[in-house]
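Hello,

Here is the structure I promised to pass on. Have a look at it first, and then read on for some notes about its charged side chains.

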Amino acid sequence: MRVCIAFFFFFTPVLAGAQQVVYKLDFSDKAKVGDYPSATGYGFDFSTHQDHRSPFFISAEVPEGNYRVKVVLGNDVSESITTVKAENRRLMLENIRVPKGESSAHTFLVNIRNYRLERGDTVKINPREYRKLIWDDKLTLEFNGENPSVRNITIEPADDVPTIFLAGNSTVVDEALEPWCGWGQMFTRFLTPEVAVANYAESGQAANTFVSSQRLEKLLSKIRKGDYLFIEFGHNDQKQKGEGKGPFTSYKSDLKYLADKAREKGALPVLITPMHRRFFDENGSVINTHGEYPAAVRQLAQEENIPLIDLTAMSAVLYEAWGAEGSKNAFVHFAPGTFPGQKDALADNTHFNPYGGYQIARCILKGIADGEIPVKKYIIKGFETYDPAKPDDFTGFRVPASPFTSIVKPLGN
């Protein structure tokens, strides 16, 4: 169903059928919007409010599913520049500038899920995941930037759109806390509001543990005909030792299992080779730390006629374009004191910061476009092409940081 924006003095939940809720909010009377959680099921979250100076959060209780969110940005007092993120820092809108007294309407899709399984059990999430916003029953929006401003918000079910499901590790995951970032949470920024992204990736996962932790079971309960499953593992798989473990044995078999399960549901699997870690030789060339694991992915894609995005190849070009020193700007390399409680330097050569995640997401877009993968039609005009040899300038990157941070590295390496 579609709902037209109307002016209300408070967030109003409107039943739209079984297990479906529509919310409408007008900020013209902020005093009538309370704090979340509340009996109304919506409100300002994390003790924040819209004061046009600092980031603020709005949460609303909703059932699992895809939601079409329309935000009308701007205010009558001054110019606003607003970046919108959803759930765990999924980038939706980037630096939208609205002159004083004007309005700018934008629509995007947000996927919501919880950890409950249909048979009564739950996904085996790790303790650190409980602080994340992706395993709950609410939709959370972050408004950030220079004078972030929103006039009204409409949230409605979007059952009529395809979904891109992501299965992967910490290089793909929606990281909850700065400065860590997976490409999956930047990927949403480049897609039209005609396709949703459901990021099931998690730090420390390998293709087989993605199954044993029951993440695949949860994913398969939601995926349907016409959807997509993007699969990127390797960093943690290659560390598994023992009989039968290896790139062309267990790893390849585990990836095939994921792809086969997607096909059984009528979804299209897409294989992605793992990006390189940040290691260079004395000549400035990237060192391959993945051995034959990328080759195994390529072989499986060819044998099973599965679309392939060769992120291993593209990331080598990207890192070498940055160089050994410049590439630190894309990874979690920060001097002591950059973040609260940080006494030592952060020097992580596997995990990206938001700038790095943004560039890797653009590599994914290139792989989609070059491979003529059907989701190409959902890429926002202007982002169809990207040259990893000429990455976006780091000094021009302006996505504002979210207010919550951690100096603890994600699981995996």
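The side chains of Arg189 and Glu94 meet in a salt bridge, with N and O 2.6 Å apart; the term stands for a side-chain nitrogen of Lys or Arg within 4 Å of a carboxyl oxygen of Asp or Glu. This pair links distant parts of the chain, 95 residues apart: Arg189 sits in the loop between helix 1 (184-187) and strand 12 (196-199), and Glu94 lies in strand 7. Helices (H or I, at least four residues) and strands (E, at least two) are DSSP runs, numbered from the N terminus.

Arg189 is buried at 16% relative accessible area, and Glu94 is buried at 18%. Buried means under 20% relative accessible area, exposed over 50%, and partly exposed in between (1.4 Å probe, protein chains only).

Please keep in mind that this is a predicted model, where local features need pLDDT of at least 70, side-chain atom pairs count only at pLDDT 80 or more, and totals for chains, interfaces and linings use all residues. Residues are numbered from 1 along each chain as its sequence is written, and side-chain values use heavy atoms, leaving out hydrogens and water.

How many salt bridges does a search of the whole structure find? The search finds 25. One of them joins Glu372 to Lys376, with the closest N and O atoms 3.0 Å apart. Glu372 counts as exposed at 54% relative accessibility, while Lys376 is partly exposed at 30%. There is also a network of salt bridges linking Glu64, Lys218 and Lys222.

Best wishes
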